[in-house]
Amino acid sequence: MKAWLRLLKARILLLCSIAVVIVGIAPVLYFLGLVAWQVDIWRDTRAWITLPAALAFADRALLRGGELAPVLAFIPHLPQITHIDWTWSTHEVVAQILRHLHIGVIPGLLGGAIMATGISS
């Protein structure tokens, strides 16, 4: 009887690990999809469209008619941060990071960490 319970416990743990890996794949695929879209546009027009993380805080009304219109639905929208005094040195660093970091890198890294957790267990 104990051998049967151990086998059941091992199978449940394996299924949970597989589920965690599948959950972690989604953000990685999001990042890869955004990069694939950028490469596709670049191959067609020879113009690289940047997707900085600062787009998540940008006003959507200004972006609707531009180059980002096809992918705008896939970019998360966070509330604008207008009450922060950007003259502080730490805020300037954060602003520079948001202007230069690809919008899909953070979800991609989180997805990779989730997948690594699922694989290791």
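Helices (H or I, at least four residues) and strands (E, at least two) are taken as DSSP runs, numbered from the N terminus. The model is predicted, so that local features need pLDDT of at least 70 and side-chain atom pairs count only at pLDDT 80 or more, whereas totals for chains, interfaces and linings use all residues. Residues are numbered from 1 along each chain as its sequence is written, and side-chain values use heavy atoms, with hydrogens and water left out.

H102 lies in the loop between α3 (89-100) and α4 (105-120). The residue is classed as buried (under 20% relative accessible area, with exposed over 50% and partly exposed in between; 1.4 Å probe, protein chains only) because its relative accessible area is 17%. Its side chain forms a polar contact of 2.9 Å with the side chain of Q38 and reaches the backbone nitrogen of G104 at 3.0 Å; a polar contact is a pair of N or O atoms within 3.5 Å, one able to donate a hydrogen and the other to accept it within protein, and residues adjacent in sequence count only if both atoms are side-chain atoms. Beyond neighbours within four places in sequence, H102 is in contact (heavy atoms within 4.5 Å) with F31, L34, V35, Q38, L51 and A53.

I103, with the same exclusion, contacts residues including L34, L51, A53 and I75. I103 is also among the residues with the most contacts inside the largest nonpolar core, which has 14 residues; such a core is a set of buried Ala, Val, Leu, Ile, Met, Phe, Trp, Tyr and Cys residues joined through side-chain atoms within 4.5 Å. Helix α1 (residues 2-45) gives the most to this core, with 3 residues.
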